[in-house]
Amino acid sequence: MPRTTWFSSIALLGLLLAGRAVAGAEPLAYVALSNARKVAVVDVGKGKAVRTFSVSVSPHGIAASAGGRFIFVPDLLQEKTIRVLDAQTGREVRQIEVGAPVHHLTLAPDRRRLYATLTSVGRVAIVEVDTWRVRVVEVGGAPDYAVTAPEGAAFYVSDLAGSTLAVVDPDAAEVRSRITVTDGPGHGVVSRDSAWGFFTASGKGAVSMIDLRRGRQTNSVLTGPDPHGVGIGHGGRRLFVSNHGDGTVTVINLKTREVERRIKVGQGPEHLTASPDGRLILVALPSDNLVVVIDARRLEVVRRIQVGGDPHQIAF
C-alpha cells in the first residue's frame with residue numbers, strides 16, 4: 001500500500017472512531033435548583049455537574065431549546081415571566097411575560113413551541129420560540145403538567161384539582177375536549193405512537209392509563225405511595241414512575257401493563273425524565289440534592305450525581 005494511501009486510511013479510521021465517540025456521548029441535562037436559585041448543567045456521562053448558573057428566580061420548571069442554544073427558567077412563586085438564558089454562558093438574554101407564576105415547562109416535539117402551566121390562574125401559556133409570541137389558553141382547575149404527543153397535533157394538560165385532562169389544540173390555542181381520569185392527575189407522558197397517555201394519580205398511589213385516540217381511561221396500575229414523576233424508556237417498552245412516599249421507582253412493562261420491578265433510589269424522589277434515547281432515567285431527589293441515574297435496560301442505579309440546591313424538573 002502506498003504511504004499516502006496508508007496515512008489517509010489511518011486518518012479516516014480516526015475520524016470514524018471520533019464520530020462514534022461523539023455519537024455515543026451522553027447529552028447534557030439541565031436541572032432546576034429551586035431553593036438555590038440556580039441551574040445545574042449535568043454531564044450525565046461523566047456523572048457530575050459541569051457548570052452552575054445563578055438565576056434571579058426560584059425555578060421549579062425548566063426546558064432547553066433545540067441544539068442547546070437556550071435554557072428557559074420560570075419562577076414558581078411570584079415572578080410572572082420566563083427567563084431565557086444563553087445555555088453556554090448562563091447570561092439572561094430575554095424575559096417572556098406570561099401573566100402568572102409558572103409551575104412546569106414543556107417543549108413541543110419540534111421544539112418550536114413552549115408550554116407553561118400557570119397553576120394559580122387555571123391557564124396554560126403557549127410561547128412561539130421563533131418569534132416569542134405568547135398566547136394564553138383558559139383550561140380551568142389547577143393545571144400541573146402540559147404533556148405533548150410525539151405527532152404534535154395536540155397537548156394534554158393535567159388538572160391537580162379535578163379529574164380531567166384538557167386536550168388542547170396548539171394551533172387554535174383552545175381546549176378541544178376533556179378526558180375524565182382518576183382524581184388529581186399530575187405528571188404525565190405520552191407513548192411514542194401518540195396512542196397512550198400515562199398520568200400519575202398521587203392520591204390513589206397509581207398511574208392512570210389513557211387511550212388517547214378513544215379519549216378514555218382504560219385502567220390504572222398501583223405504583224406506590226405518592227407517585228410523582230413519570231417517563232418512558234428502554235425503546236418505549238417500560239414506564240418509570242417515581243414514588244415520593246417510599247423512595248422507589250416503579251417499572252411497568254407496557255406490553256403486559258404489570259409491575260416489573262421496584263428500584264430503591266433514596267428519600268423523596270420527585271421529577272423523573274428519560275434521556276432522549278430512552279437508555280437512561282434521571283430522577284431528582286430534592287431532600288438529598290441529588291440526581292439519580294437509572295439504566296433503563298438493566299434496571300439498576302448507575303450514577304448518583306450531587307447537584308446541590310433542591311433539584312426539581314430536569315430537561316435535555
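Analyst: The protein chain exposes about 13700 Å², and carbon and sulfur atoms supply 48% of that area (Shrake-Rupley method, 1.4 Å probe). This is a predicted model: local features need pLDDT of at least 70, side-chain atom pairs count only at pLDDT 80 or more, and totals for chains, interfaces and linings use all residues. Residues are numbered from 1 along each chain as its sequence is written, and side-chain values use heavy atoms, without hydrogens or water.

Now inward. Of the 316 residues, 54% count as buried (under 20% relative accessible area; exposed is over 50%, partly exposed in between; 1.4 Å probe, protein chains only). The chain has one helix and 28 strands (DSSP runs: H or I of at least four residues, E of at least two, numbered from the N terminus).

The largest nonpolar core has 18 residues. Such a core is a set of buried Ala, Val, Leu, Ile, Met, Phe, Trp, Tyr and Cys residues joined through side-chain atoms within 4.5 Å. Phe-72, Ile-82, Val-98, Leu-105, Leu-114 and Trp-132 touch the most other members. Strands 5 (70–74), 6 (81–86), 8 (105–107), 9 (113–118) and 10 (123–128) each give two or more residues. Strand 9 has the largest share, three residues.

A second, separate core of 15 residues includes Val-31, Val-42, Val-307 and Phe-316.
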